[in-house]
Amino acid sequence: MSHWFVVLTGGIGSGKSLAASCFEKRGITIIEQDDISREVVDPEEPAFDQIVEYFGYDILNEEGSLNRSELRRRIFSDQNDKIWLERLLHPLIGHRTMHHMHNAPSRYAIVVNPLLHTRQPQYDRFVVVDTPVEVQIERAMQRDGMTRELAQKMVASQAARDVRLRLADDVIVNDGATELVDEQVDRLHRRYLVMAG
């Protein structure tokens with residue numbers, strides 16, 4: 001069971017998933033808060049009904065699940081909607097994350113949290129995947145098929161790059177080839193094994 005925890009963060013399109021996969025192939029448990037955020041809004045979960053009540057039935061896909069792209073568009077168009085949704089979901093996501101952390105079988109565990117912009121005491125190490133802003137925007141547009149305007153809004157809504165870098169214990173630079181990320185992860189992994197004891 002893990003007792004030593006690393007948080008991995010970075011803006012949209014920075015390459016958090018790439019870095020996390022490099023740790024995972026070395027046997028480290030990865031806890032993706034994006035996955036947890038999808039779990040807590042499943043139709044069987046209590047938050048689902050609250051979201052439908054607040055946003056209306058037009059927030060659903062034809063098969064009855066949440067239309068995540070429409071929800072994203074709505075919350076980035078109206079700050080009040082964004083605040084309401086965060087107040088509902090953040091405590092649920094936090095509780096489920098802690099459960100996964102304390103049941104992780106690897107020597108240390110990594111929590112991938114795209115929204116983190118403050119240090120939190122449950123994490124022993126704070127790692128930032130850093131990418132130039134224009135690269136983030138291009139990757140978000142290519143990966144998710146979003147407009148430049150929405151990609152820019154999403155980048156702007158997250159913690160500023162310089163804020164994340166000031167908080168970082170370690171930085172993974174992702175502005176080039178995949179193998180360069182893997183090399184950086186390998187160095188960090190060996191160090192973390194020692195630090196985790």
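Figure 1. Setting aside neighbours within four places in sequence, tyrosine 54 is in contact (heavy atoms within 4.5 Å) with Asn80, Asp81 and Trp84. Helices (H or I, at least four residues) and strands (E, at least two) are DSSP runs, numbered from the N terminus. Tyrosine 54 has a relative accessibility of 34% and therefore counts as partly exposed; buried denotes under 20% relative accessible area, exposed over 50%, and partly exposed the range in between (1.4 Å probe, protein chains only). Between the C-alpha atoms of tyrosine 54 and alanine 177 the separation is 43 Å in space, and the two residues are 123 residues apart in sequence. The model is predicted, so that local features need pLDDT of at least 70 and side-chain atom pairs count only at pLDDT 80 or more, whereas totals for chains, interfaces and linings use all residues. Residues are numbered from 1 along each chain as its sequence is written, and side-chain values use heavy atoms, with hydrogens and water left out.

**Figure 2. Salt bridges of arginine 96 with glutamate 39 and glutamate 45.** A salt bridge is a side-chain nitrogen of Lys or Arg within 4 Å of a carboxyl oxygen of Asp or Glu. The N to O distance is 3.4 Å for the pair of arginine 96 and glutamate 39. This pair links distant parts of the chain, with arginine 96 in helix α5 (residues 79–101) and glutamate 39 in helix α2 (residues 33–39), 57 residues apart. For arginine 96 and glutamate 45, the closest N and O atoms are 3.3 Å apart. Because glutamate 45 lies in the loop between α2 and α3 (46–55) and arginine 96 in helix α5, this pair ties together parts that are 51 residues apart in sequence. Each of the three residues is partly exposed: arginine 96 has a relative accessible area of 23%, glutamate 39 one of 28%, and glutamate 45 a relative accessibility of 21%.

**Figure 3. The salt bridge between aspartate 170 and arginine 125.** The two side chains meet at 2.8 Å, N to O. Aspartate 170 belongs to strand β5 (residues 170–173) and arginine 125 to strand β4 (residues 125–130), so the pair ties together parts 45 residues apart in sequence. Aspartate 170 counts as buried at 7% relative accessibility, and arginine 125 is buried with a relative accessible area of 17%. The structure holds 17 salt bridges.

**Figure 4. Packing of helix α1 (residues 16–24) and helix α9 (residues 178–196).** The axes, which are lines fitted to C-alpha atoms over the stretch in contact, with angles running from 0 to 180 degrees between N-to-C directions, lie 9 Å apart at an angle of about 50 degrees. That angle makes α1 oblique to α9; angles under 35 degrees count as roughly parallel, over 145 as roughly antiparallel, 65 to 115 as roughly perpendicular, and the rest as oblique. Helix α1 contributes Leu18, Ala19, Cys22 and Phe23 to the contact, and α9 contributes Thr178, Val181, Asp182, Val185, Leu188, His189 and Tyr192. A network of salt bridges links Lys25, Arg26, Asp182, Asp186 and Arg190.
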